[in-house]
Amino acid sequence: MISIVWLQSGGCGGCTQSLLCAEPRPLFAELRDAGIEFVWHPALSVESGSEALAVLEACASGERHFDILCVEGAMLRGPGGSGKFHLMSGDGRPLTAWVDRLARRARWVFAIGSCSAFGGFSAATPGNPLEASGLQYEGDEAGGLLGDQFRSAAGLPVVNIAGCPVHPGWVVDTLEKVALEGLALEDLDEFRRPLLYAEELVHHGCPRNEYYEFKASALKTSDLGCLMENLGCKGTQAHADCNLRPWNGSGSCLRGGYACISCTEPGFEAPGHPFQETPKLAGIPIGLPTDMPKAWFVALAALSKSATPKRVRDNAVEDHPVIRPAVRKTGLK
Amino acid sequence: MRITLGPFNRVEGDLEVHLDLDSAGEVQDARVNSPLFRGFENILIGRAPADALAIVPRICGICSVAQSAAAASALADAMGLTPAPNGVLARNLIQATENLADHLTHFYLFFMPDFARAAYAERSWYPAMADRFAAVKGSAAEEVLPARANFLKMMGFLAGKWPHSLALQPGGSTRAMSAAERIRILALLRDFRAFLEGRLLGDRLEAVSALPSEDALAAWAAGRPGDFPAFLAAAADLGLETLGQGSGCFMSYGAYGLFPAGTWCAGTEASPLDPGRISEDTCHAWLADGDALHPTRGETLVDAEKPDAYTWCKAPRYGGTALEVGALARQLVGAQPLLRDLVLRHGGSVTARVTARMIELATILPAMESWVRELAPGEPFCTHGPQTDEAEGAGLVEAARGSLGHWIAIRRGRIARYQIVAPTTWNFSPRDREGRPGPLEQALVGLPAGEGAPPLVQHVVRSFDPCMVCTVH
């Protein structure tokens, strides 16, 4: 069995809530049958108070074996390096101290969500008075609580399952990959996110693809058009498979009618512009699609705008289609 | 003797409880600590007003859309915007989905596993309860996770995803439902109804919500298969209908047009809500001290070394009174007959709080079915208005756990002040400057605790369904 110790700190608990939506099988049964078990999880385990502290102490001291430390929420090192913004209940030591001790016993350390990966919203107060960081990053700078040199017993840096929240599948897949055949550095991208989900862009499979092709842009929230030009969408730059692997059965941010705010990327919480507005220079969005030369993007955008069918142009600024695709006798068999 | 309970898990977030025990081992005094501070109110200052819609859901992973709804309402209030009728229905559906999913999560994953504790091994009901509700391994977990995940597919249609959606906007929702989707979400509601009726309640929702009194509830539950009837049998054996009485006064901001806003204290008539009477006191929090302030003037300034402080949580009061909020409060303010009867006989208790959530499941799901029927595909789901550069607004909504208020002040087009009073801020409030304890601090007094005591403190604390990440935010 692969065993997990799970801790929560400067976050909202939403990654656990999301994880509980795992499909197609119920989470507990799926993990059990894949050979994965929880030693302790703050939202799920029966042990409370001193019983829970005893379990954690046994793991931190090396007396009790465990494999994976999963941490949800940012590391709050303040005020003044004291860690007092989050002391372990019933114990009084900073959560950061517990994470540090447990990380040095773990074979793998997983940051669950963008808070524990990069700092997230806890690091978003101007001046960062919480002294919040991720486990091994502070924004996009390596370091964080454990330091750039940290390697878990299996020889890996912290695995950053970034997202706000995580998709349940990202966590389950990564856990099951470890149980099946282990995890290597080649399985991670430059920010140490599992390629299992981070080798795609949110743009891939976007249901607004036709509007994107023709640069038929939404002007206001609830419009059907592409959200990149005006409403802040970063799906062409954000690494995740959100539109290939739906959320809650059939959803995603784009399917929900609102912008991708690139929640899997370090620093997404403070983009320097309003989330639902696209920053532009001379009328051109600053954040162009990853891998796309700017001149080509501008030229293609101008061409495709001039070629936009009326149906696409009109539907782009409505909240439901007002023109249906034409039905023609095509002769196709 | 003082004992400290923590980490108090199977609540959302972090909780620590300090208990002073007398020589008989009973609680004389309780102090509740919310040990995590993140400071969302400060994160919001200086941002564009609409950024609140992206930021506040991240306060809480379990009341995420309730936070969205409060921000959207506060912004609509500031903008003077009236949401589209379809948008109101969509918002109701999104909020109700979270609310009911939370009630389910609380009952099965957070609350009931305590009945599978070995301390109860001698009770006649223990073997069946342990088999069904043991944490992670019980048979109920295997059924409830798919029921919950399938119900939350409502969010896939209506809100893109859960938690942390940006679908709720001041003018309604970003996501119009098509005629086909309207049919498909009705099917999801039917699936959830089947779980509630088949496994949780053991009867038609309409039969449960119509139960008029404690006696009728007892007669209905006797020998009935179902997880809620099983709870009632164990609760009666343990006397939970008398345990865990809070302040005896309750508040609701009103929800869905189904449940009214107001306050109610046992033995009186309900009173209309006057939000001007709300204040927050920082006396026992690690926050800069000062007068108790209305949230339109509130501050959140850290003072980590403050003597006599024991929590990061402020103490909200209504005209100086510590109020209990939540499903029970909503139903008492709304004069729901069964819950009024339970509370008038025994006071607000563990049994009453759990029963209130069941009554809400039975009452709100049929309302959701009718909201879906009222959706008009093709009509707008969102209205729009100009941003305001100078304005103030309040958004008062009901989360699963009770009354949630957001107060925003916009200056020069940016957020100048943002104050949040969350449900568990009320329920797990510390003492105020007059020394008046919060509702949980009152509810724990007199309970047996410490070495060898039955886990009654665990039941009482979890009966409030605390959300600690919201409490301090």
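Colleague: Counting the C-beta neighbours inside 10 Å, does B:Asp465 come out as buried or exposed?
Modeller: This is a predicted model, and B:Asp465 has 27 C-beta neighbours inside 10 Å. A residue needs 20 or more such neighbours to be called buried, so with its 27 neighbours B:Asp465 counts as buried.

Colleague: Where in chain B does B:Asp465 lie?
Modeller: The backbone of B:Asp465 has a positive phi of about 50°, although this residue is not a glycine. Its place in chain B is between helix H17, which covers 456-463, and helix H18, which covers 468-472, that is, in the H17-H18 loop.

Colleague: And A:Asp291, which has a positive phi too: is A:Asp291 buried or exposed?
Modeller: Phi of A:Asp291 is near 75°, and this residue sits in the loop of chain A between strand S11 (284-285) and helix H9 (294-306). The limit for an exposed residue is 12 or fewer C-beta neighbours, and because A:Asp291 has 8 of them inside 10 Å, A:Asp291 counts as exposed.

Colleague: In which loop of chain B is B:Pro7 found?
Modeller: B:Pro7 is joined to B:Gly6 by a cis peptide bond, with omega about 0°. The strands on either side of this proline are S1 and S2 of chain B, and B:Pro7 is found in the S1-S2 loop.

Colleague: Over how many bridges do S1 and S2 of chain B pair?
Modeller: Strand S1 takes in residues 2-5 of chain B and strand S2 residues 16-21, and their pairing is antiparallel. Within this pairing, B:Arg2 stands opposite B:Asp20 in S2(B). The number of bridges between S1(B) and S2(B) is four.

Colleague: Which residue in the turn of the hairpin of S2(B) and S3(B) has a positive phi?
Modeller: S2(B) pairs in the antiparallel sense with strand S3 (residues 27-33) of chain B, over six bridges, and in S3(B) the bridge partner of B:Leu21 is B:Val27. The hairpin has five residues between its two strands, and the residue in the turn with a positive phi, about 80°, is B:Gly25.

Colleague: Which residue in S12(B) is the bridge partner of B:Gly405?
Modeller: Strand S11, residues 402-411 of chain B, pairs with S12(B) in the antiparallel sense over seven bridges. The partner of B:Gly405 in S12(B) is B:Val421.

Colleague: Are H4(B) and H14(B) roughly parallel or antiparallel to each other?
Modeller: The axes of helix H4 (residues 85-111) and helix H14 (residues 350-374) of chain B come within 10 Å and cross at roughly 155°, and the crossing is left-handed. The residues that meet there include B:Leu93 and B:His103 in H4(B), and B:Leu361 and B:Trp371 in H14(B). By class, the contact has 11 nonpolar, four polar and three charged residues. Angles over 145 degrees count as roughly antiparallel, so H4(B) and H14(B) are roughly antiparallel.

Colleague: Turning to the two chains together, which element gives the largest share of the side of chain A that touches chain B?
Modeller: In this contact, 61 residues of chain A meet 70 residues of chain B, and the side of chain A has 31 nonpolar, 25 polar and five charged residues. Helix H1 (14-19), helix H2 (27-33) and helix H3 (49-61) of chain A are the elements that give two or more residues to this side. The largest share, five residues, comes from H1(A).

Definitions and conventions: Residues are numbered from 1 along each chain as its sequence is written. Chains are lettered from A and ligands numbered from 1 in the order in which they are written. This is a predicted model: local features need pLDDT of at least 70, side-chain atom pairs count only at pLDDT 80 or more; totals for chains, interfaces and linings use all residues. Two strands pair if DSSP finds at least two bridges between them. Two residues are in contact if their C-beta atoms, placed from the backbone, lie within 7 Å. Ala, Val, Leu, Ile, Met, Phe, Trp, Tyr, Cys and Pro count as nonpolar, Asp, Glu, Lys and Arg as charged, and the others, Gly among them, as polar. Axes are lines fitted to C-alpha atoms, for helices over the stretch in contact, and angles run from 0 to 180 degrees between N-to-C directions. Angles under 35 degrees count as roughly parallel, over 145 as roughly antiparallel, 65 to 115 as roughly perpendicular and the rest as oblique. A crossing is left-handed if the near helix is turned anticlockwise from the far one by less than a right angle, and right-handed if clockwise.
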